[in-house]
Amino acid sequence: MIIKMTKLQGILLMMSTIAPTAIVSVPSVVVQLSEQDAWVSIIIAMVAGGLFSLLIGSICRQNTQTTFLDWLRVRLGSKAGTAIGILLTYYYLISVVIEMREFVNFIGENVLSRTPVYFLLIITVAVVMYGVSQGIVNIARVNLIVLPLSLLVFIVTGILLLKNIHIENLLPLWEHPLRKVAQGSMTPTTWLLQVSILLLIAPFMSKPEEAGKVGMWGIVLTSIELGIIVVAAITIIGSRLISIMSYPTFYMIGIIQIGTFLERIDLLFISIWICMMYVKMSIVMFATFHCFIHTFRIRNEKPFLLCLGLFTILTTMYAWPKSVDLAYFSKTVLIPYAITFNVLIPLVIWLLLRFIKPNPMKAGK
Amino acid sequence: MKKITGIIVLLLACSLISGCWNRIELNELSIVSASSYDFNGNKWVNSYQVIIPSAISSGTGLAGGGGSQSPVTVFSSEGRTIREAVSKSSMETPRQMFFAHNSALIISEEVARHGINQILDLHYRNTDARETVNVLITQGNARSILERLIHTEKIPGQGIREILSNESRNTSIVPSVMLYELAMAITSDGKGAVIPEIVFAGNEEDGRSLDVLKKTYEQAKLRIGRLAVMRGDKFAGWLTREEGLGVSFIANKVRSSNLAFRCKPGDKTYNMTFRLQTSATKLKPMLRNGKMTMGIDIKSAGNLLESNCMMDLTQPAAVKQLEQQLQEEVKQMVNRSWEAAKRLKVDVFGFADAVHRKYPREWRRVKNNWDETFSKIQIEPHIKISMDRVGLTNKPFKSTNSNE
């Protein structure tokens, strides 16, 4: 019997796909552009992401039997299916490399400053690859433990931070023109668009036709989480100071000090965040591996898992050796890149599906 | 067989992945309890007050035993940049400096005049120095503050932090300022910040030796002094303690305080004390015909602590009169600190933020010469103090032995 994931697991999986990197990188980028109006940017991003998940849902609804790429081959022809498969493999591979680099950079800068990067990478990839080998349903089950735990830590730190909140930092409202606020919503939207991974994951759900709803809930909940973090950062640190920081989310937890016995609890948050990152990287790595296996119709998967792991380690090592390279890449290339693969490809698939009617004769060839 | 190999590999992996690279044993560290920054020409002079673990462990040191060893040692290093100076410290100490337990950071006035951006940057860029360190300023040599011992606390650096937190909790005259709060104040719209002063009262040579702890009195001691005002990251001037409390009132930083006041308008001597327990201030900027007025609404409550005034405090009218006297007292305090801030032309109250929030358009017009606009603002203090309780007696003790 093949075990599939429930709706709740799907929603939590979507949150884990988007939130871990977004909560770290979004606040400082958004606040730089729209300052105290940053929460409006998040709402715009939520609406955009929500609409987009409808599109994803309408594609997912049509396939209820087999994996996404196999289905595309049947539906759109072998060439189109393979082409899309190669593009998606490429996209998810680059995504996982970016995330892995961000992750080891963070660990290297904040926690283990003397441990060589390659060692951090080997351990990370080993854990992630183990997760991938267990399959997406098991990742979703682990996530059912990790994500609620992270929300608990989130709530506890929130309560401890209450006395540092200066709600007046959110005023004046609407000081920035809509253009700036919309520009600020670009980065969070890009993160939320990662919901397109549902195309690959939907067939593993017990009810693939509900993928649209799962995506919608995932986006709404993640946006709420993001919104709370952005508002907390503005009210606690103030928008000017946020814009110079690389990790404002962790910083604001670092200032908690209750008497002389409870301080520096950001490490607690960092620990749970590391678990979230492992889940996230496993999901995206799973997508990479899944696309790779199904594009090239590989039967014996295990050796390729090892190869892909090695390839990821080496690419991550040599693609952006300095943190400034990655920052420059994120600032210039990342948004158009993510939009191309997350929006254009699903859109093209959707259009093709509309115009190419199912042809029973072609099936199986 | 496969299982056994698996377990062996797992155990080996554990020994490898437990983060050995970052391993530092406790006895390889010099734990810094307070640090200071001075200038020598154009070089930074950093001083560190380092804990001597064997002296503070129980049984020896100050509290127990003979107290033969000083709990801390102080030394300095010099460099063109702050971290160059820190790294030079490794030439004279066998242990690596560890800043995470740094409780107090003392800067000299000279450094503050030069600007403290570099110090703030250092704390934000690195993970080892915490943003929750208390910042203090001193007029002379900052290192000399680190060299003084405090009677009741084993570690002087922590003692300084305790003094500050005790003071800001109970009297609120001088706020305790942590590094992140300082950074927030400097980056606010008004760009005005305050730093408490720490002074060493007494003979220059006193307080350095353990001998001082063998006496029951201290002539030489560390105490909180005035309030330094910063314009941006640079020193702008001093406020007295009295002006400091006014600033705390306007900037909504009063937690609790004791206020001495006169019971009748004409009285010459102060004869009553009020314990202020809660206080909240709201700044209400008003724009009338292009002129800015700042409404300062202060609402406080508390109880009477001390009285030497013939009055029947069971009468509501009497309590009301006392409240009015108190309000008058606070009003004068507010006015005095306002005059002082105008003199220094530094917005330490957060007026700029209040104006920005209420009149964003007007703010865009005035923000470039805010210092000028600031000194032309009219203030309108509205103070409401409620005396909720008068204590366990209704009349002053004086009434029992007076003939009236």
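Select chain B and show its surface: the accessible surface comes to about 20,100 Å², of which 51% belongs to carbon and sulfur atoms, where accessible areas come from the Shrake-Rupley method with a 1.4 Å probe and, for residues, only the protein chains shown count as cover. This is a predicted model, in which local features need pLDDT of at least 70 and side-chain atom pairs count only at pLDDT 80 or more, while totals for chains, interfaces and linings use all residues. Residues are numbered from 1 along each chain as its sequence is written, chains are lettered from A and ligands numbered from 1 in the order in which they are written, and side-chain values use heavy atoms, with hydrogens and water left out.

Along the principal axes, the C-alpha atoms of chain B fill a box of roughly 95 × 60 × 60 Å. Of the 404 residues in this chain, 50% are buried, a word that stands for under 20% relative accessible area, with exposed over 50% and partly exposed in between (1.4 Å probe, protein chains only).

Next, select residues 221-231 and 234-239 of chain B, which are the strands β8 and β9, running antiparallel and joined by 5 bridges; two strands pair if DSSP finds at least two bridges between them. The two strands form a hairpin with 2 residues between them, and Gly232(B) in the turn has a positive phi of about 65°. Within this pair, look for Val229(B), which stands opposite Gly237(B) in β9(B).

Now show both chains and select Phe68(A) and Ile107(B), the residues with the most contacts inside the largest nonpolar core, which has 150 residues. Such a core is a set of buried Ala, Val, Leu, Ile, Met, Phe, Trp, Tyr and Cys residues joined through side-chain atoms within 4.5 Å. Its largest share, 18 residues, comes from helix α13 (residues 266-295) of chain A. Around Ile107(B), and not counting residues up to four places away in sequence, the residues touched include Tyr37(B), Leu136(B) and Ile195(B), where contact means heavy atoms within 4.5 Å. A second, separate core of 68 residues includes Ile106(B), Val194(B), Met294(B) and Val319(B).

Finally, go to Ser150(A) in helix α6 (residues 136-161) of chain A. Is Ser150(A) buried or exposed? Ser150(A) is buried, because its relative accessible area is 5%, and it touches Ile272(A) and Met276(A), not counting residues up to four places away in sequence.

Conventions:
Helix = DSSP H or I, 4+ residues; strand = E, 2+ residues; numbered from the N terminus.
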